[in-house]
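Hello,

Here is the structure for you to look at. My notes follow below it.

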Amino acid sequence: MPSRSTRSVPLESAERPARFLRLRRFGGVTSSLAMFTLVSVLAGVLVAGLFIPVAAVAGLTSRAAVAELDKLPAELQTGTPPTRSRVLMGNGDTLAYFFAENRVPVPLSQVAPVMRQAQLAIEDHRFYQHGALDIRGTARALVVNSTSDDTQGGSSITQQYVKMVLVTRCNNDVACVKDAKAPTVARKVRELRYAIALEKQLSKDEIFERYLNIAYYGDGAYGIEQASKHYFGTTAAKLTLPQAALLAGLVQNPESFNPAKNTEAALERRNVVLARMAELQMITPQQQAAAKKAKFDEDAIEGVRNGCIGTRYPFLCDYVRRTMLASPSLGKTEEDRANLINRGGLTIQTAIDPKTQDIAQKRVNAIVGPTDPLISTMNMIKPGTGLIVAMAQSRPEMGSNAKKGETYWNLSADPAMGGIQGYQAGSTFKTFTAAAALEEGTKLSKTYNARKTMNYQYKRFRSCERSRFVPDRWRVSNSTGKNGRMNMSKAAAFSVNNYFVQLELDTGMCPVVKMAEKLGVKTGGDRDLVDYYQNIPAFTLGSVEVSPLSMAEAYATFAARGVHCNPIIIEAITTADGTRLDPPSANCERVMSTKVADGVNKMLAYVMTDGTGRRVRTSDRRPQAGKTGTINSNEAVWFAGYTPDIAGVSMISIDNTQKPFVKSKKARRAGEFRRSGVKRFRIPSTGVRLEGSGSGDAGMKIWKPAMDSYLKDTPETRFVEPPRSITGGG
């Protein structure tokens, strides 16, 4: 690994009287303060390669030089330069890069000798012989620049490195960069003083290694390793002579000699480097001639995407970025966290399973296309960890071209994480009513006479504030053909509306909405789940617009026997030097007793064996639980299901951000919605005709194949039987 010392470079005490101030040995020359001032003047007149007459600075005295030293900061930090971060998937493949400067530091031993020779030849061939200042080179550049149109730089490699560090530390602050590059004697004095101190702390190899890693080689490539990869598709260790000479020539003026934009100028500059190497007898004339014949292949240039757009899974990537930006453990402010992500050289390990993500995405794509007037999602979470395994959506490309089905919205997430307004989840909400009732002491054996149609006007219920009455006339009908007296398990199995409305009113709205809240359910808007919905009994029928990912989060809590975890996507974060940072926590905590969770699991397992979820069961028939969801208008269909090892929620909904979802152009002009919603709708891009049920559409077509793929190599785990205090023996 490259050197990463963060030791400070000490300066001579500014409080020491000038007559006692002496320069340390550099380049075999020990000078008085007068000599230091003279050298500083020579360094200062080299501004952007142009000569400033000595007379202009002749008034600079030793006292002025000492005063300038008084103004210097106490130390110069020389740590790792800004380095790109990368996001890894569960299989170790790279998903994305984040960077302010596209750089991958490497040790000097991994830089080809010919590259080292080329860089030294054109910038500072006596680097290993002189000290911080090359007096001979400075004097030569001064003479050449003052007597001809040719220009030469007089700064040593160490001085150049100091300047690069100072510019990099500015973090793109314009005023700071301007000061770091200012054509003044003061700036040259400062650089030289730092360079002298730096050479006391670091070896020549260490300085040269850092120089090669911090240098900008143009076209967005920082450091020799990334420059090699960008221009030639190789590594710094494998550079050839013509490649090394071209790269070495870029440092002086990366933009003017950029081979991607000005190939001719770049090759001319390369030939200058080759000539200098031959002059210094680093290469033979024959090697020089052969290298000059080499062409530059513009097609070999490799770009690196910065950020999430265009990556394999852009919305998973964006969720990673947003998670880190929101994590206080990674910095006090969002700006601090962004700097760490873009400049810290982090390795961000996620739990993303490409195999599962691909099958989930494939199944979503097979049903709903990106340009269809529908939206579909599939989300999978590992119970007890909160780790997101898959997050697929019918518009998988991130962008602004709506005609191609691109979007910047994460259709699974809540607005705080890049999501949109949410979707009504239908009968999947009945599970929250059941869980609240069990927690309040109701048994699974509890029976109600769930008639086909019931009017709840003036029925009393308890909100979080006080006792209330159902307002107006509220008539509810069952939709699955199952009516009459039944217990909770049977009512769940056949999603009987009038059972769960009665159960909700008896339990009280406050325990029901608070149950959904503590399980992690998040609305798609700015409505507070408890404050707003505690007075709306239609809550149990899924009238709330929620984020699909939060539904997977909630059902994963049942699978984990009552332990709720926030959805997370990052397993580990490692800095460039191998330090482990705390990843954003899932904050897993118990939110319900194991016996209540076991009771819910038993109830939902009955859905899969004897109810509406029978045809959705995975192929291996292992123990599993689930709940179908269809809203009354058929505008959305859901399936939420799980085993103890994985929870998944699939959804198909009309896109309520577009024009009204209608059957004909005439109806669209009239502003009408298609009355039957997604029921019997043939999807334009795929030709699939939806039946309008959670089990038949979201369940069989999306959830089942995705879960089958994930569970194929997962050992079977069984649910725990709840105690009689939960079942009631009925």
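In this predicted model, the side chains of glutamate 101 and arginine 103 make a polar contact at 2.7 Å. (A polar contact is a pair of N or O atoms within 3.5 Å; within protein, one must be able to donate a hydrogen and the other to accept it, and residues adjacent in sequence count only if both atoms are side-chain atoms.) Glutamate 101 counts as buried because its relative accessibility is 9%; buried means under 20% relative accessible area, with a 1.4 Å probe and protein chains only. It sits in the loop between strand 4 (94–98) and strand 5 (102–103). Strands are DSSP runs of E, at least two residues, and helices are runs of H or I, at least four, numbered from the N terminus. Leaving out residues up to four places away in sequence, glutamate 101 touches Pro82, Thr83, Arg84, Thr168, Tyr222 and Asn342. Contact means heavy atoms within 4.5 Å.

Now the core. The largest nonpolar core has 99 residues. Such a core is a set of buried Ala, Val, Leu, Ile, Met, Phe, Trp, Tyr and Cys residues joined through side-chain atoms within 4.5 Å. Phe432, Met488, Tyr499, Phe539 and Met551 touch the most other members. Helix 21 (residues 548–559) gives the largest share, eight residues.

Residues are numbered from 1 along each chain as its sequence is written.

Best wishes

Key. Predicted model: local features only at pLDDT ≥ 70, side-chain atom pairs only at ≥ 80, totals over all residues. Heavy atoms only, no water. Buried < 20%, exposed > 50% of the residue type's maximum accessible area, 1.4 Å probe, protein only.
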